Amino acid sequence: MPPCIFCKIIVGELPSTKVYEDDEVLAFLDIKPINPGHTLVIPKKHFENIHDMPDALVAKVAVAAKKIADAMLNIGVKGVNVGMNNGAHAGQIIFHAHVHVMPRYGKDSFSLWVGKEYDGNEREEAAAKIRQALNP
Ligand code: AMP
Ligand code: ZN
């Protein structure tokens, strides 16, 4: 198995600043935060990204992310982005599944996507393809 820095964090071989832990989930601060408190929520078992994870574990990680996001609101955070990069093309750099919980204050270093316009039948075609993939 290739060395995985998040697996090393889980076993204590690399340092981290922990904010939450249970039997299946660990949450610690991102070393390069969008804002102070930017947290990564990870399954303790190694999975590359969301596609490999059992649904029940996805739910556990999501619930932990919500708990942390709720807690942030209680300490003056104004809004929270919760997101996950899955695959290199989606910007994933660390290939141990993780959810970002990002405290926000309006205008800061984080910028959201700029939406495109659909052309012709593109919108219906895109939806039809996804529906077909969901129910092959
Ligand atoms: P991504 O794979 O693009 O979703 O992002 C990986 C994130 O992991 C980045 O935001 C990094 O700053 C963060 N990161 C990388 N190494 C560490 C580490 N040792 N401790 C905490 N966060 C890390
Ligand atoms: Zn790992």
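This is a predicted model: local features need pLDDT of at least 70, side-chain atom pairs count only at pLDDT 80 or more; totals for chains, interfaces and linings use all residues.
Reader: What percentage of the residues of the chain count as buried?
Author: A residue is called buried when its relative accessible area is under 20%. The chain has 136 residues, and the buried ones make up 29%.

Reader: Which pattern does the chain follow when read along the sequence?
Author: The secondary structure consists of 3 helices and 5 strands. Taken in sequence order, these elements give the pattern α-β-β-β-α-β-β-α.

Reader: What box do the C-alpha atoms of the chain fill?
Author: The box is taken along the principal axes. Its dimensions are roughly 50 × 40 × 25 Å.

Reader: Which residues does the UniProt annotation "domain: HIT" cover, and how far apart do the end C-alpha atoms of that span lie?
Author: In the UniProt record, an unreviewed entry, the annotation "domain: HIT" covers residues 5-111. This span is 24% helix and 23% strand. Its end C-alpha atoms are separated by 27 Å.

Reader: Which residue does UniProt list for "active site", and where is that residue found?
Author: The unreviewed UniProt entry lists His98 under "active site". In the model, His98 is found in the loop between β4 (79-83) and β5 (99-104).

Reader: Why does His98 count as buried?
Author: The limit for a buried residue is a relative accessible area under 20%. His98 falls under that limit and therefore counts as buried, because its relative accessibility is 6%.

Reader: Which residues is His98 in contact with, leaving aside its neighbours within four places in sequence?
Author: A contact requires heavy atoms within 4.5 Å. With the sequence neighbours within four places set aside, the partners of His98 are Phe6, Leu40, Val41, Ile42, Gly83, Met84 and Gln92.

Reader: Is Val99 buried or exposed, and in which strand is its place?
Author: Val99 has a relative accessible area of 8%, so it is buried. Beyond its neighbours within four places in sequence, Val99 is in contact with residues including Leu40, Val41, Gly83 and Met84. Its place is in strand β5.

Reader: How far apart in space are Val99 and Asn49?
Author: Along the sequence, Val99 and Asn49 are 50 residues apart. From C-alpha to C-alpha, the distance between Val99 and Asn49 is 9.6 Å.

Reader: Is Pro15 buried or exposed?
Author: Pro15 lies in the loop between α1 and β1 (18-21). A residue is exposed when its relative accessible area is over 50%. Pro15 has a relative accessibility of 73%, and therefore counts as exposed.

Reader: How much space lies in the largest pocket, and which residues are the closest to its centre?
Author: The largest pocket holds about 350 Å³ of space. It is lined by 20 residues, and the closest to its centre are Phe6, Asp30, Ile31, Leu40 and Ile94.

Reader: Which element gives the most to the lining of the largest pocket?
Author: Two or more residues of the lining come from each of α1 (5-11) and β2 (25-29). With 3 residues, the element that gives the most is α1.

Technical notes:
Residues are numbered from 1 along each chain as its sequence is written. Chains are lettered from A and ligands numbered from 1 in the order in which they are written. Side-chain values use heavy atoms; hydrogens and water are left out. On a 1 Å grid over the protein atoms alone, a cavity is a set of points where a 1.4 Å probe fits but cannot get out, and a pocket is an open set with protein on both sides within 12 Å along at least five of seven lines; lining residues have an atom within 4 Å of a point. Grid points are joined across faces, edges and corners, and a volume is the space filled by probe spheres set on the points. Helices (H or I, at least four residues) and strands (E, at least two) are DSSP runs, numbered from the N terminus. Buried means under 20% relative accessible area, exposed over 50%, partly exposed in between (1.4 Å probe, protein chains only). UniProt positions are given in the numbering used here, feature names are shortened, and annotations may be inferred rather than shown by experiment.
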